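User: I am new to this structure. Please walk me through its aromatic rings.

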Amino acid sequence: MTYARVLALCLLLFSCKSEYQKLEEKELASGKEVNELFLGLELGMPKRDFFEACWQLNKQGKLTNGPTELSVEYSASMPSGFPAKMRFYPQFDQEKIYLMPIEFTYEGWAPWNEELSAEKLREDVVKLFESWYGPGFIEVRSEDKSQVVYVKMDGNRRIRIFKKHISAVRAEISDLPVEKKLKGNTNS
């Protein structure tokens with residue numbers, strides 16, 4: 001192949017990458033490390049420090065035990081003004097936080113209440129996270145357009161927000177290099 005053909009092929013392959021793939025490559029290549037989560041919690045935080053921080057926030061009345069054995073509950077002030085519960089519990093690698101799954105639900109949700117639908121909640125969570133982490137969320141859709149995920153990357157930290165089911169929205173904040181290492185691949 002000639003140099004021009006190789007260059008054209010490379011350009012074609014690069015242009016076939018999705019907006020998300022380009023964002024991920026750029027952010028991971030930046031070498032920037034961003035570990036901030038919320039309420040003073042951080043990616044890479046040792047398990048013991050996580051429990052101590054939650055205990056202190058509980059004593060201050062900011063956190064409570066969630067409805068399941070392994071969940072922490074926080075009453076989130078949503079941009080819409082509708083009260084919501086934020087439930088979370090991290091996943092650990094080598095006793096350090098690498099993934100923080102979070103589930104949001106409106107307190108007054110009912111199937112007939114359109115104002116509190118999961119779609120509205122997803123919009124609310126994106127706005128809340130923009131106030132916490134800054135703008136830059138992009139919309140990513142599945143090939144069949146049935147699933148919508150909002151994604152933001154800052155260096156190693158990836159934030160994803162998506163509808164979990166009819167009444168809940170899930171957010172996941174991860175240290176992407178650690179997550180990829182644990183999954184044993186480079187595609188996520």
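Analyst: Start with the rule. Rings of Phe, Tyr and Trp (its six-membered ring) pair if their centres lie within 6.5 Å; planes under 30 degrees apart count as stacked, over 60 as edge-to-face and the rest as tilted. Ring pairs link F38, F88, F104, F129, W132 and Y133 into a cluster. This is a predicted model: local features need pLDDT of at least 70, side-chain atom pairs count only at pLDDT 80 or more, and totals for chains, interfaces and linings use all residues. Residues are numbered from 1 along each chain as its sequence is written, and side-chain values use heavy atoms, with hydrogens and water left out.

User: How many aromatic pairs does a search of the whole structure find?

Analyst: The search finds 12.

User: Why is the pair of F50 and Y89 called edge-to-face?

Analyst: The ring centres are 5.8 Å apart and the planes stand at 85°, so the pair is edge-to-face. F50 is in helix 3 (residues 47-59) and Y89 is in the loop between strand 3 (84-88) and strand 4 (91-93), so the pair ties together parts 39 residues apart in sequence.

User: What about F104 and F129?

Analyst: Their pair is edge-to-face too, with 5.9 Å centre to centre and 70° between the planes. F104 belongs to strand 5 (residues 96-106) and F129 to helix 4 (residues 118-133), so this pair ties together parts 25 residues apart in sequence.

Definitions and conventions: Helix = DSSP H or I, 4+ residues; strand = E, 2+ residues; numbered from the N terminus.
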